[in-house]
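Thanks for coming, everyone. Please look at the sequence and the model on the screen.

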Amino acid sequence: GGGGMPVWAKDDDVRREFERMDSDGDGVIDAQEMAIAWLKSSASVWLNDKGFGQYASMFDELEMDMDSLVRLTVEDLANIGIQDEAARLKIVEEIEALKQEVRNNQG
């Protein structure tokens, strides 16, 4: 079988996503570009992942990305419409853990 493009490169969505992430256009996605793409990714995906899926749509409506998410306070969450105080505290706790993890990965 001849070479040519890998199968994922034929998928327009995947290619667009790749080009969006490859901000310097060198055909390689490096750690810096990965970090930027992650910050621009949807907060609702992370919320689902952490078990807060019932609130994900609120964050989607605000087009909240990870960069905005990590700045949120308990008050912000209340303003977004999360009435459950325990949930707000838990989300902020997860955000703090996430920020710690990001700092650790940055060395």
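Start with Arg 88. Arg 88 sits in helix H7, residues 85–105. Helices here are DSSP runs of H or I with at least four residues, strands are runs of E with at least two, and both are numbered from the N terminus. This is a predicted model, where local features need pLDDT of at least 70, side-chain atom pairs count only at pLDDT 80 or more, and totals for chains, interfaces and linings use all residues. Residues are numbered from 1 along each chain as its sequence is written, and side-chain values use heavy atoms, with hydrogens and water left out.

Is Arg 88 buried or exposed? Arg 88 is buried, and it has no salt bridge. Buried means under 20% relative accessible area, exposed means over 50%, and partly exposed is in between, with a 1.4 Å probe and protein chains only. A salt bridge needs a side-chain nitrogen of Lys or Arg within 4 Å of a carboxyl oxygen of Asp or Glu. For charge, Lys and Arg count as positive, Asp and Glu as negative; His and the chain ends are not counted. The nearest side chain of opposite charge to Arg 88 is Glu 85, 5.0 Å away.

So what does the Arg 88 side chain reach? The backbone oxygen of Ile 82, at 2.7 Å. It also reaches the backbone oxygen of Gln 83, at 3.1 Å. For contacts, meaning heavy atoms within 4.5 Å, leave out residues up to four places away in sequence. Arg 88 then touches Val 74, Leu 77, Ala 78, Ile 82 and Gln 83.

Follow Leu 77 from there. Beyond four places in sequence, Leu 77 is in contact with Phe 59, Leu 72, Ile 82, Arg 88, Ile 91 and Val 92. That brings us to the core. In soluble globular proteins, nonpolar side chains tend to be buried together. A nonpolar core here is a set of buried Ala, Val, Leu, Ile, Met, Phe, Trp, Tyr and Cys residues joined through side-chain atoms within 4.5 Å. The largest one has 19 residues. Phe 59, Leu 69, Leu 72, Leu 77 and Ile 91 have the most contacts inside it. At least two residues of this core come from each of helix H3 (43–49), helix H5 (66–69), helix H6 (74–80) and H7. H7 gives the most, with five residues.

Asp 22 lies in the loop between H1 and H2. Asp 22 is buried and has no salt bridge; Arg 15, the nearest side chain of opposite charge, is 11 Å away. The side chain of Asp 22 reaches the backbone nitrogen of Gly 27 at 2.7 Å. Leaving aside residues up to four places away in sequence, Asp 22 touches Gly 27, Val 28, Ile 29 and Glu 33.

On to the salt bridges. How many are there? The count comes to eight. Asp 13 and Arg 16 form one, at 2.5 Å, N to O. Both lie in helix H1, three residues apart, about one turn of the helix. Arg 20 and Glu 17 form another, at 2.6 Å, N to O. They are separated by about one helical turn, because they are three residues apart in helix H1. Arg 20 is partly exposed, with a relative accessible area of 44%. Glu 17 is partly exposed too, at 36%. Next, Asp 67 and Arg 71 meet at 2.9 Å, N to O. Asp 67 counts as partly exposed at 27%, and Arg 71 as exposed at 58%. Lys 50, Lys 90, Glu 93 and Glu 94 are linked in a network of salt bridges.

Two more residues. Trp 38 is in helix H2, residues 31–40. Its relative accessible area is 31%, so Trp 38 is partly exposed. Beyond four places in sequence, Trp 38 is in contact with Met 66, Leu 98 and Val 102. Glu 96 lies in helix H7. Glu 96 and Leu 72 are 24 residues apart in sequence and 9.9 Å apart in space, C-alpha to C-alpha.

Last, confidence. pLDDT is the predictor's confidence in each residue, from 0 to 100. The chain's mean is 89, and 95% of its residues reach 70 or more.

Technical notes:
A polar contact is a pair of N or O atoms within 3.5 Å; within protein, one must be able to donate a hydrogen and the other to accept it, and residues adjacent in sequence count only if both atoms are side-chain atoms.
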